[in-house]
Amino acid sequence: MEKLTYQEIMADPQTAADYAHYRARIYRLASSVFADDVTEESLAQLIAVACEATDDSCVRACEAVLFSNLRAYEGADLPALRTKIATEYAELFVGPRPPLAPCYESMYLGANPRLFADVTMRVRAAYKEQGFEVGKRNHVPDDHMGYELAFMGAMCDREAAAHESGDAAAVTACQVAQSNFLSVHLGVWAGFFASRVAAAWCAEYYNAWAQFVEAFVNDDMAFLRGCADNPVSAGEEA
């Protein structure tokens, strides 16, 4: 597990593109975990990946921690495990009882915690600025954890394409947009969300994922501080 600095990664266009693709895959995977109910197939795939992974194959330390947690499910009865995790998902995020750890930014940062209010609209505006639109607009609020992770995945994909086409200006614009979104939205509430999940009586599978998202996002914010045009902390090296 070798940690490269921002400058080292950006020095080679292919390395930079590969790293952006890697970040996109992680964000999309985490998005699917929180956006969709678990299936036996997805569980089997995740457990298999975790069992094959080694610390040396992980890009970031938080991956090794997540895979260690997922390996604990090796050999489990998948139908029973799926039922257990689906129950955990309902208790934490859906109901019918009040969710123990709502998946919405507005429940953690809003002056008056309320869906489809000011926080949701600010997140929607951030998406619109980058041409991103959620799949179930006006049904599932834009500030759902799954959507915010998906947005970051889309922006990393866009950055990778810019690296591959040699468009330095587009690379910088993508990285600044990512940094802004993490600094104003996802990076601000991911820790609060992870704490709520950890405190829930039923949290196990999703606790591992919530802690992973918090750590990955924090690592990403540190990484993006290397961008010289980053208005949050220009020129810092991660």
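Author: The model is predicted, so local features need pLDDT of at least 70 and side-chain atom pairs pLDDT 80 or more, while totals for chains, interfaces and linings use all residues. Numbering starts from 1 along each chain as its sequence is written, and side-chain values use heavy atoms, without hydrogens and water.

The protein chain holds 10 helices and 0 strands (DSSP runs, H or I of at least four residues for helices, E of at least two for strands, numbered from the N terminus). In sequence order the pattern is α-α-α-α-α-α-α-α-α-α. Along the principal axes, the C-alpha atoms of the protein chain fill a box of roughly 50 × 45 × 25 Å.

Now the pair itself. Helix 5 spans residues 78-94 and helix 10 spans residues 205-224. The two pack at an angle of about 60 degrees, and their axes are 9 Å apart (lines fitted to C-alpha atoms over the stretch in contact, with angles from 0 to 180 degrees between N-to-C directions).

On the helix 5 side, Ile85, Glu88, Tyr89, Leu92 and Phe93 take part in the contact. Helix 10 meets these residues with Tyr205, Tyr206 and Asn207. By class, the contact of helix 5 with helix 10 has 6 nonpolar, 1 polar and 1 charged residues (nonpolar: Ala, Val, Leu, Ile, Met, Phe, Trp, Tyr, Cys and Pro; charged: Asp, Glu, Lys and Arg; polar: the others, Gly among them).

Technical notes. Contact means heavy atoms within 4.5 Å.
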